Amino acid sequence: MSARVILLVEDNPQDEFLIRRSLTAMHPENRVDVVRDGQQALDYLFREGEFVRLRGEALPVAVLLDIDLPEIGGHEVLARLRIDERTQCLPIVILTSSDAEKDCLKSYACGANGFVRKPLELVDLVEAVKRLGAYWLDINEPPVTMHAAPKTFPGGVTRH
């Protein structure tokens, strides 16, 4: 299996360490890139700013996105990614410590592919992340192309 990339958008260094370690334990050949705020996430995925050097590289196979981020919050990042044809089909999972139902609902309304609450116990967090990695790296079938036809959502919102 060839190496694949997951983007982790996480501002908590301890969570970053555990999540990265859990993902690479399953497949050491895979790469976990980390950005620590919403603006960095957008720059990374759109290959702008400090990440312009990544132009021409494939997008990650999945994004694990925290909600409560500096600069630009996770929901805003998600909404911006879903309206751009380059990233509208990119698998994005919200990985957060929030247990608010409104955060879950808003995440799905903005186009999240999943919503996972970070367990409080470290061993449970490691296990949850391993299962996430197994799904997005081993089981999920990504689209052949990231360019899809515009899609109209409830309320008349069209995403290209």
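Let's start with two helices: α1 (residues 13-26) and α5 (residues 122-139) pack at an angle of about 50°, their axes 8 Å apart. Axes here are lines fitted to C-alpha atoms, for helices over the stretch in contact, and angles run from 0 to 180 degrees between N-to-C directions. The pair therefore counts as oblique, a word for whatever is left once angles under 35 degrees are called roughly parallel, over 145 roughly antiparallel and 65 to 115 roughly perpendicular. On the α1 side the contact is made by Gln-14, Asp-15, Leu-18, Ile-19, Ser-22, Leu-23 and Met-26, and the residues on the α5 side include Leu-122, Val-126, Val-129 and Lys-130; contact means heavy atoms within 4.5 Å.

A word on what you are looking at: this is a predicted model, in which local features need pLDDT of at least 70 and side-chain atom pairs count only at pLDDT 80 or more, while totals for chains, interfaces and linings use all residues. Residues are numbered from 1 along each chain as its sequence is written, and side-chain values use heavy atoms, with hydrogens and water left out. Helices (H or I, at least four residues) and strands (E, at least two) are DSSP runs, numbered from the N terminus.

Now zoom in on Ser-22, which sits in helix α1. Ser-22 is buried, with a relative accessible area of 2%; buried means under 20% relative accessible area, exposed over 50% and partly exposed in between, using a 1.4 Å probe and protein chains only. Its side chain reaches the backbone oxygen of Leu-18 at 2.8 Å. Not counting residues up to four places away in sequence, Ser-22 touches Val-126, Val-129 and Lys-130.

Five parallel strands make an open sheet in the order β2-β1-β3-β4-β5, where two strands pair if DSSP finds at least two bridges between them. At the edges are β2 (31-35) and β5 (114-117), each pairing on one side only. On average, neighbouring strands are turned by 20° against each other, direction ignored. Strand β1 (residues 5-9) pairs with β3 (residues 62-65) in the parallel sense over four bridges, and Leu-7 stands opposite Val-63 in β3. Two helices pack on this sheet: α3 (residues 74-82) touches β3 and β4 (92-96), its direction making about 180° with that of β4. The other, α4 (residues 101-109), touches β4 and β5, at about 155° to the direction of β5.

Which residues does Leu-8 meet beyond its neighbours within four places in sequence? Among them are Glu-16, Ile-19, Val-32, Val-34 and Leu-64. Leu-8 lies in strand β1 and is buried, with a relative accessible area of 1%. Its C-alpha atom is separated by 8.3 Å from that of Ile-19, 11 residues away along the chain.

Finally, look at helix α2 (residues 38-46), which is mostly covered, with seven of its nine residues buried. These are Gly-38, Ala-41, Leu-42, Asp-43, Tyr-44, Leu-45 and Phe-46, and what covers them includes β1, β2, β3 and α3. After α2 comes Arg-47, whose phi is positive, near 55°.

Conventions
Polar contact = N/O pair within 3.5 Å; in protein donor to acceptor, adjacent residues only side chain to side chain.
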